Amino acid sequence: MLQYFLGFPRVYKRIISVASDVFFLFFAIWAAYALRLEHQLWLPSADQFIVSTVSVAFTIVVFIRLGLYRAVIRYMGDQALLTITYGVVWSSLSLIVLGYLFQVFVPRSVPIIYGALAFVFVAGTRLGVRALVNRPLQRSKESVAIIGAGETGMQLASALSQGTEFRPVVFVTFEPSNHKSMVNGLPVVSIEHIEKNMTRYRVQRLLLALDVNTKVDRKALLKQLEPLSIPVQTVPSMSELVAGQARINDIRDLEIEDLLGREPVQPDAAIVARSLFGKSVMVTGAGGSIGSELCRQILRHKPKVLVLFERSEFALYSIEKELESINSIEGLAVEIHPVLGSVVHRRRCESAMRAFGTQIVYHAAAYKHVPLVEQNIIEGVQNNTFGTWHTAEAAIAAGVERFVLISTDKAVRPTNVMGATKRLAELVLQGLAQRQTNTHFSMVRFGNVLGSSGSVVPLFRDQIRDGGPVTVTHPDIIRYFMTIPEASQLVLQAGSMGQGGEVFVLDMGEPVRIADLARKMVSLMGLVEKTEKKPEGDIEIVFSGLRPGEKLFEELLIGDNPQGTAHPRIMMAREVSLPWAEVEQLLAQLTAASQAFDCGTVIDVLKTAPTGYQPNSDVSDLVWCRVDDAAASEVPVSAKVSRLTFNK
C-alpha cells in the first residue's frame, strides 16, 4: 500500500496530504473540546463548527504559504518540523481570534490543547510515513561506526543518514565519561569497549571522523583497531572541506599519514615564504610525484613566475591545468609557464632559465625506480647524473641564485645503479659549489615517498582489492618513509637554508618494516592474513626475494656526525666531496663509456668513484645482456657497435 502511494504523481500526494491534515486538524479541535469539557461524545454547535472550519482552512493556507506541501516526506528534516510548529501556532491564534470575533464559546485551554494535538497529528503522521519509507532503505545500507563523537562526527552522521550507502549505528568516543550516552539519536561507546560493541551493533565498517583539535595517538588507535578485522576508512581533512575540495561524506581509504605511524614534519612557513615570495622559480620534472607537489606548495607562496620544466607532454599538460585552476580560484596571480624539455639538454635548460629570469631551481627530474634503472643503466646515468650536471651548469650560466637537488637515501652506500647515479649527482653539485660561489647548491636526501608513483602503498592496495597475494621482497626489509607533501615542504625548507654544498637529511624516526606495513593494510581493510595457522584467511603475503640492486635497509647518512639546523627535525651533513677537476674526469669517463654503450665500464667507473657503490648482483641491463648473448653467438662486433653506438 505504501509503495503504491509513493508511486502517485506529486500533485496527488499533495492532495492526499492536505486532506489528511484537514481531517487531523478537525479531529484535534474535537478532541481538545472533549478533553476540556470532559465529554466523550461532545458535539459542536453551529457557530463552533463554523469557527473550527475557518480556523482549519486558515491553517491549511498557512501550511501552503510556508511550503509544507512542497517538502518530500522521505527527506523531511528539522525545517519541516519548524514549519509545522509555525502553522500550528497561527492555527491556535486563529481559533482564539475567531472565537472572540464571533462571540463563540472557546475555553482558554482549548487552543493550547488543540495546538499540542495538531502538532502531534500533523508532524507525527509525517514522521511515521518517513520512518516506514526509509526503513527498507536504511536496512539495505552498510552499518558503520563513527570514531569521534565531536562536530566532525556529527556532520558525518547527518550526511550519511541522507545518503544511500552507509547507516551510522554507533559513535565511538575517547572520553570514558560519555560511555553509554546518546548523541544525535545514536548510542555512544568508549574506545575501551569497542571490540564487544562492534559485534553487538553488527558494524561492517569503521569511519575515522576526528576533530582537528582532538589529541589522539593515531598510531596507537590504528594498532587497537587492527585486531577487529573491520575495514577502517576516514573522511576528508578540514582544510579540504573549507576549500570546497571535498564533502564530509566523501569516504576514502586511510590517509597515508596514518599508515606512516608518526607525526608529519612541519616546516617553518615564514622562512619558506620569504625565500619564494616574488621570485622566479623553475621546477624540473614538474609532472612527477615530487615535482608536482613541489609546484603546488611553491604556488601558494606566491612567486612571481613558476616555470614547469617537464619532458612528458601529458604530465606537463595535467599539472599546468591543475595549477592554473588553483591560481585562478585562490587569486594568486602567479605567472605559470609550461616548458617541454629534457634536463640532459643543457642549452634548452639555460635558454629557459634566461627567458624567465629564473632565481631558484628545484631539480626533481630523475629516474627513481630501482629495478628499471638497473635494467636501463645508460639511461639512468644520462638522466640522473648528466641531467643534474647539465641543469646545474645551465643554472650557473643563467645566473640562478639557488639550486636544490632532490636526492634519495639510496645514495648512501648504494647497491644499485639508481643510488650510485644519485650519489654521483651529489658529488657533481658539491664540486660545482667549490668551483664557483654565485649559485648556491644544496641537496635534500630523504627516504621512500608514500603515495608516489611506484610506492608500495598503492601497489599493496591494488593487490589486496584484487584478492592477493601481496608481494613483499623480503620478510626483514625495512624502509624510511615520508609523505609527498612532507618531502616537498622539506625541500622548500632546505632551499631556503642552503649556503653551498650541504646535504640535508630528515630525522624520520624509526624505519618501517615493509611486511608489517602490508599486514597493517590487510587488517585495516577488514581482511585476515592467510597463513599456515590461518588457512581460511583472505589475503596471503608472499615473499618474492630481493630484486637486483635492492638491499634490506637504507641509510640517510654516510658519516656519523650530522649537524643540527634551525629546524629541529632537519640535519645537515658535509660529506666526502671531490675537487671539480676529479669530478670532471669521472664525468669524462662516463661520457666515453655511455657513448660506446659499454655498461661494464659504466659500472666500473661508478665503483671506482667515491660513491660507496657495491653492487649486489650482476649487470642486468636488458639491451646490454642481449648484446652480450649476440656476441657469444658470433654476431660480428662491428654490426653490434653500429647498431648501438650513439652520442648524447
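Colleague: What does H390 touch, leaving out residues up to four places away in sequence?

Modeller: H390 touches V343, V344 and R346, where contact means heavy atoms within 4.5 Å. Keep in mind that this is a predicted model, where local features need pLDDT of at least 70, side-chain atom pairs count only at pLDDT 80 or more, and totals for chains, interfaces and linings use all residues. Residues are numbered from 1 along each chain as its sequence is written, and side-chain values use heavy atoms, with hydrogens and water left out.

Colleague: Which side chain makes a polar contact with H390?

Modeller: R346, at 3.1 Å. A polar contact is a pair of N or O atoms within 3.5 Å; within protein, one must be able to donate a hydrogen and the other to accept it, and residues adjacent in sequence count only if both atoms are side-chain atoms.

Colleague: Is H390 buried or exposed?

Modeller: Buried, at 16% relative accessibility. The cut-offs are under 20% relative accessible area for buried, over 50% for exposed and partly exposed in between, using a 1.4 Å probe and protein chains only. H390 sits in helix α16, residues 377–397; helices (H or I, at least four residues) and strands (E, at least two) are DSSP runs, numbered from the N terminus.

Colleague: OK, over to α14. Which of its residues are buried?

Modeller: C349, A352 and M353, in a helix that covers residues 346–355. They line one face of α14, because seen down the axis they fall within an arc of 100°. That arc is taken over the directions from the helix axis to the C-beta atoms.

Colleague: And what do those buried residues pack against?

Modeller: β8 (280–284), β9 (305–310), β10 (335–340), β11 (360–363) and α16. The face turned away from the buried side carries the exposed residues R347 and A355. Just after α14, G357 takes a positive phi of about 60°.

Colleague: Switching to charges. How many salt bridges does the structure hold?

Modeller: There are 13, counting a side-chain nitrogen of Lys or Arg within 4 Å of a carboxyl oxygen of Asp or Glu. One of them joins E142 and R205, at 2.9 Å from N to O. E142 is in strand β1 (residues 142–147) and R205 in strand β5 (residues 205–208), so that pair ties together parts 63 residues apart in sequence.

Colleague: Which residues are linked in a network of salt bridges?

Modeller: D476, R513, D516, R519 and E529. Within it, the closest N and O atoms of R513 and D476 are 3.4 Å apart. R513 is in strand β19 (residues 512–513), while D476 is in the loop between β15 (470–472) and β16 (478–479). R513 is partly exposed at 34% relative accessibility, and D476 is partly exposed too, at 44%.

Colleague: Last thing, the surface. Which residues form the nonpolar patch?

Modeller: F58, L66, L82, Y86, V89, W90, L93 and I96, with about 720 Å² of accessible area together. Patches are made of residues with over 30% relative accessible area and no salt bridge, joining like charges within 9 Å and nonpolar side chains (Val, Leu, Ile, Met, Phe, Trp, Tyr) within 5 Å. The areas come from the Shrake-Rupley method with a 1.4 Å probe, and for residues only the protein chains shown count as cover.

Colleague: Which element gives the largest share?

Modeller: α4, with 6 residues. The elements giving two or more are α3 (46–66) and α4 (78–101). F58 is in helix α3, and F58 is partly exposed at 34%.
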